[in-house]
Amino acid sequence: DWLGSFYKSDTNWIYHPAHGWLFAVHAKYNTIWFWHPDHQWIWTGEELYPYLFRNTDASWIYFVKKSTNKEIYYNFSHRKFEF
């Protein structure tokens with residue numbers, strides 16, 4: 001419920017309407033790692049989403065919305081929006 005609706009393939013790949021194709025790997029404590037084509041490994045969970053931890057630059061980002069085929073995030077480390 002916390003992630004919303006998505007399509008789950010026969011593998012670990014899911015399709016989320018806002019995030020596109022993600023490779024999902026379950027973690028502990030109701031959390032999950034996703035491989036995202038733009039962000040690489042991101043981590044979130046039931047108590048965290050729409051906050052996500054991006055592993056590549058150790059930044060917390062907030063998913064704002066999807067607009068005109070672009071995902072919009074706020075990066076707390078850099079204090080700016082990312083498109």
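Let me begin with Ser 59, which sits in strand 7, the stretch covering residues 59-67. Please keep in mind throughout that this is a predicted model, and that what I report has been computed from it.

Ser 59 has a relative accessibility of 1%, and because buried means under 20%, this residue counts as buried. Its side chain takes part in a polar contact of 3.2 Å with the side chain of Asp 57, and there is also a polar contact, at 3.3 Å, between the side chains of Ser 59 and Ser 77. If we leave aside residues up to four places away in sequence, the residues that Ser 59 touches are Leu 52, Phe 53, Arg 54, Asn 75, Ser 77 and His 78.

Asp 57, at 32% relative accessibility, counts as partly exposed, whereas Arg 54, at 7%, counts as buried.

Which residue in strand 9 pairs with Arg 54? The partner is Glu 82, whose side chain meets that of Arg 54 in a salt bridge with an N to O distance of 2.9 Å. Since Glu 82 belongs to strand 9 (residues 80-82) and Arg 54 to strand 6 (residues 51-54), the pair ties together parts that are 28 residues apart in sequence. Glu 82 and Arg 54 are both buried.

To put the pieces together, the count of salt bridges comes to two, and Arg 54, Asp 57 and Glu 82 are linked through salt bridges in a network.

Notes
Residues are numbered from 1 along each chain as its sequence is written. This is a predicted model: local features need pLDDT of at least 70, side-chain atom pairs count only at pLDDT 80 or more; totals for chains, interfaces and linings use all residues. Side-chain values use heavy atoms; hydrogens and water are left out. Helices (H or I, at least four residues) and strands (E, at least two) are DSSP runs, numbered from the N terminus. Buried means under 20% relative accessible area, exposed over 50%, partly exposed in between (1.4 Å probe, protein chains only). A polar contact is a pair of N or O atoms within 3.5 Å; within protein, one must be able to donate a hydrogen and the other to accept it, and residues adjacent in sequence count only if both atoms are side-chain atoms. Contact means heavy atoms within 4.5 Å. A salt bridge is a side-chain nitrogen of Lys or Arg within 4 Å of a carboxyl oxygen of Asp or Glu.
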